[in-house]
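Let's take a walk through this one together. Have the sequence and the model open, and we'll stop at a few spots along the way.

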Amino acid sequence: MSKDAVNTAAVASHQDATRTPADAGDAGYSKDLKARHVNMIAIGGAIGTGLFLGAGGRLHNAGPALAVAYLVCGVFAFFVVRALGELVLYRPSSGSFVSYAREFLGEKGAYVAGWMYFLNWSTTGIADITAIALYTHYWSFFTSIPQWVLALIALAVVLAVNLISVKIFGEMEFWFAIIKVATLVSFMLVGIFLLATQHKVGGHTPGLSVISDHGGVFPHGIMPVVLVMQGVIFAYAALELVGVAAGETAEPEKVVPRAVNSIMWRVGLFYVGSVVLLALLLPGSVYSGDESPFVTVLSKIGVQGAGDVMNLVVLTAAMSSLNSGLYSTGRILRSMAVAGSAPKFTARMNRSQVPYGGILLTCAVCVLGVGLNYLMPSQAFEIVLNVASLGIISTWVIIMICHLIFVRRAKAGLVIRPSFRLPGSPVTEIVTVAFLVAVLGLMWNDPEVGRKTLLLIPVVAALLVGGWFALRRGIATATDQELTDLTK
């Protein structure tokens with residue numbers, strides 16, 4: 001047989017294999033997510049509390065240069081999602097990057113990828129329920145209710161939604177995203193009107209003079225801009241949800257490219273555009289981490305009820321994030337459990353084809369967060385935010401490494417790259433990984449938050465090593481069973 005014939009046969013064999021689940025954890029899911037659900041999940045991942053609330057404190061610290069930080073991090077976030085999108089079209093999987101890590105890095109790679117992602121979302125879930133409780137306390141009607149009680153109620157509501165069906169999850173995310181987009185568009189129209197009419201905002205006339213008269217684009221130098229990078233990357237966390245959701249949509253080859261490609265202009269419009277507007281309306285020193293920057297602007301022009309409306313939107317964004325976290329960790333943990341690298345019960349599914357075991361495990365960690373809210377209500381949010389940032393950076397690095405190996409195998413003729421590709425490979429992957437590692441390293445310059453976060457790395461590493469030795473017998477058994485099934 002000729003060499004070409006052998007290659008053709010290998011390619012055909014791979015194509016046949018991809019028609020059935022290549023990852024045992026993919027079996028049993030419904031395909032109830034529609035194109036509009038996945039598109040809005042992509043939008044919801046790109047717009048969260050990092051913009052609605054976090055941008056205020058970052059504007060105060062970094063000034064107008066925050067727009068540059070959002071743009072730079074947004075470009076690298078797009079590269080990560082584009083790489084993941086290509087892997088999804090190669091082989092859709094609800095296990096997403098954990099499934100790809102298993103294929104290209106081995107079971108140890110999948111183990112690290114899965115548990116770091118679980119660390120990210122379980123701690124983000126704690127941050128979300130903490131935020132929900134804090135935002136709810138904004139209204140006097142709820143101030144008498146303890147923060148931990150409100151956190152527990154929020155967790156119970158979102159858990160119930162996730163356990164019913166993936167379709168209900170998709171609908172909830174769809175409407176959450178609609179609320180966020182509508183709010184941002186409305187604010188941007190108001191901001192453009194204020195700029196065009198030169199209407200005074202808090203005694204300042206909107207325009208470039210607001211920036212030039214208060215220290216320019218970098219009022220505090222470059223270092224504050226570098227230090228906010230960690231928070232900006234966290235603001236983009238959840239973009240990778242597109243890859244997880246693709247495993248439960250009927251036509252990923254149509255839905256995923258459209259959703260991924262739209263992320264770039266959404267980042268440019270919603271993040272960079274809104275931050276530029278905020279910088280043109282008021283000096284950075286006026287904004288605060290204790291208040292949404294949008295509320296700051298609206299209150300300065302005398303809009304009644306602006307705080308109530310924006311608080312409701314930020315509450316919605318936090319609920320959306322918690323909803324997404326339970327959804328994604330449930331799928332990721334099931335993929336791991338089937339391979340033996342997560343507890344067996346996390347592989348269980350209910351009648352609605354929802355992996356309830358993994359969702360309940362994430363909720364259990366969030367319940368610990370409820371306890372944290374009880375013991376340290378004022379510090380709970382910052383503590384878990386630090387841990388979550390380690391999880392998301394490691395997840396993005398693993399996605400890029402998987403894609404790098406995937407491209408190398410494609411060049412060797414072992415796999416086929418889809419037409420939807422990450423541009424500039426392998427340079428794009430290497431530069432993205434270098435950027436993410438640099439952000440991690442530069443966090444040492446921030447003694448209050450960043451340095452404490454880096455000091456957690458040895459602790460997390462020790463837990464991962466201990467967990468691997470505890471689970472490796474189950475992983476070996478699962479691998480042997482899989483090989484037995486393949487040879488039948």
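A search of the whole structure turns up zero disulfides, a disulfide being a pair of cysteine sulfur atoms within 2.5 Å. Keep in mind that this is a predicted model, where local features need pLDDT of at least 70, side-chain atom pairs count only at pLDDT 80 or more, and totals for chains, interfaces and linings use all residues. Residues are numbered from 1 along each chain as its sequence is written, and side-chain values use heavy atoms, with hydrogens and water left out.

Now hop over to T123, which sits in helix 7, residues 107–136 (helices are DSSP runs of H or I, at least four residues, numbered from the N terminus). T123 is buried, with a relative accessible area of 8%. A polar atom of its side chain lies 2.5 Å from the backbone oxygen of L119. Leaving aside neighbours within four places in sequence, T123 touches F118, V384, V387 and A388, where contact means heavy atoms within 4.5 Å.

For contrast, look at I222, in the loop between helix 10 (208–212) and helix 11 (223–227). I222 is exposed, with a relative accessible area of 58%, since exposed means over 50%.

Definitions and conventions
Helix = DSSP H or I, 4+ residues; strand = E, 2+ residues; numbered from the N terminus. Buried < 20%, exposed > 50% of the residue type's maximum accessible area, 1.4 Å probe, protein only. Polar contact = N/O pair within 3.5 Å; in protein donor to acceptor, adjacent residues only side chain to side chain.
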